[in-house]
Amino acid sequence: MADQLLSTVERRETIPESYIRPESDRPRLAEVTTDNNIPLIDLASLEKQRVIAEIERACRTYGFFQVINHGISNDLLEKVMAVGLQFFRLPAEEKAKLYSDEPSKKIRLSTSFNVRKETVHNWRDYLRLHCHPLEEFLPEWPSNPESFKEIISTYCREVRLLGLRLLGLISLSLGLEEDYIEKVLGEQEQHMAVNYYPQCPEPDLTYGLPKHTDPNALTILLQDPKVSGLQVLKDDNHWIAVNPRPNALVINLGDQLQALSNGAYKSVWHRAVVNAAQERMSVASFLCPCNSSVIGPAQSLVADGDAPVYRSYTYDEYYKKFWSRNLDQEHCLELFRSSQLH
Ligand SMILES: O=C(O)CCC(=O)C(=O)O
């Protein structure tokens, strides 16, 4: 029900019981550190080989990186953030028109993650939009604020081009043909989550989004330039904060690139935390394989005589499995290991 939206209620002094995580599953914010070595890749560099080498290192060690000079203007990034915020500030009656907690709905305003299934809620509202092909979905998108469709559709087009370019560079960084990944993924869908995390009176007790990996191929995240909240799990089981950098976009690999690279590249655990002082926004764009595409490790990345780490499957099969589970369960890809019985 739309009255569950956090963005429509008055500020509170405490969070409701249903948002409180058990003691063993809290963000422990004091233990989070900032890593100043998070890879920052300048896509305008004229040295393509260097960019590819930097992408390779980032994908192997971090599973994510930030890009600058990515071709999307700062002016557009600012407009996307501004119109997103205007949307969440619309009157409750206006937002109620778009509210749904049905995960399969292609255009919906919702809250938390999957309110029908989850036992503890997350301190987040989000607008979920399917974005490709644009002509098919645009008529259903919000027409209030008035400039929403124009700004967000321009951003979607540009982000898609960036995503496809990155997939080409990632292919090359794995020693594959530049169009290898794009060919495997087929006519990719594109989804967007405009995330709104209201100011939270007890940020130590809850999450904006709990730890998860992305089930898709590639995610491009536009972060609030002033408020941090994204955190990534490093190999040593330590959370690091990915603080926003002006005009940068965060790129993280989804489960499908981990599978395709035979486990060489990582789809990292990440989460969003909230804070007591300020609201925060982020806009995640997901490039998703076409449902019928068959995904599995690239032949040339499986050493002679070895079995591939993952079996082949269709994205449809993967996506259904992903949504049938809780967000922060074991890595969904573990269920697709070659050795797993199914
Ligand atoms: O808000 C963030 O920084 C992370 C968002 C995210 O992980 C998601 O939308 O899947």
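A residue is called buried here if 20 or more other C-beta atoms lie within 10 Å of its own, exposed if 12 or fewer do, and partly exposed in between, with the C-beta atoms placed from the backbone. The model is predicted, so local features are given only where pLDDT is at least 70 and side-chain atom pairs only at pLDDT 80 or more, while totals for chains, interfaces and linings use all residues. Residues are numbered from 1 along each chain as its sequence is written.

The protein chain holds eight helices and 15 strands. Of the 342 residues, 42% count as buried. The C-alpha trace spans about 60 × 45 × 40 Å along its principal axes.

Contacts, meaning pairs of residues whose C-beta atoms, placed from the backbone, lie within 7 Å, can be sorted by their distance along the chain. Among those between residues at least 6 apart in sequence, 76% join residues at least 24 apart.

An open sheet of five strands runs in the order β1-β10-β9-β12-β7, and its pairing is mixed. Its edge strands, each pairing on one side only, are β1 (33–34) and β7 (209–212). Two strands are taken to pair if DSSP finds at least two bridges between them. Within this sheet, β9 (residues 230–233) and β10 (residues 239–241) run antiparallel and are joined by three bridges. Gln231 has Ala241 in β10 as its bridge partner. Both of these residues are also in contact with Val32, as are Trp239 and Ile240, when neighbours of Val32 within four places in sequence are left aside. Val32 itself is in the segment before β1, and it counts as partly exposed because it has 14 C-beta neighbours inside 10 Å.

Strand β11 (residues 249–253) is mostly covered, with five of its five residues buried. Leu249, Ile251 and Leu253 point one way from this strand, and Val250 and Asn252 the other way. β11 pairs with β3 (residues 64–68) in the antiparallel sense over four bridges, and Val67 stands opposite Leu249. Four bridges also join β11 to β8, again antiparallel, and there Thr219 stands opposite Asn252.

Helix α8 (residues 315–323) has Tyr315, Tyr318 and Phe322 as its buried residues. Seen down the axis of α8, these fall within an arc of 60°, so they line one face of the helix. The arc is that of the directions from the helix axis to the C-beta atoms. An α-helix has 3.6 residues a turn, so residues three or four places apart point the same way. What covers the buried residues of α8 includes β14 (294–295) and β15 (313–314).

Several loops carry backbone features of note. A cis peptide bond, with omega about -5°, joins His132 and Pro133, and Pro133 lies in the loop between β5 (125–130) and α4 (134–137). The bond from Asn144 to Pro145 is cis as well, with omega near 0°. Pro145 lies in the loop between α4 and α5 (148–173).

Asn69, in the loop between β3 and α2 (74–88), has a positive phi near 50° although it is not glycine. It counts as exposed because it has 12 C-beta neighbours inside 10 Å. Ser112, in the loop between β4 (107–111) and β5, likewise has a positive phi, near 60°. Ser112 is buried, with 24 other C-beta atoms within 10 Å.

Notes:
Helix = DSSP H or I, 4+ residues; strand = E, 2+ residues; numbered from the N terminus. Contact = placed C-beta atoms within 7 Å.
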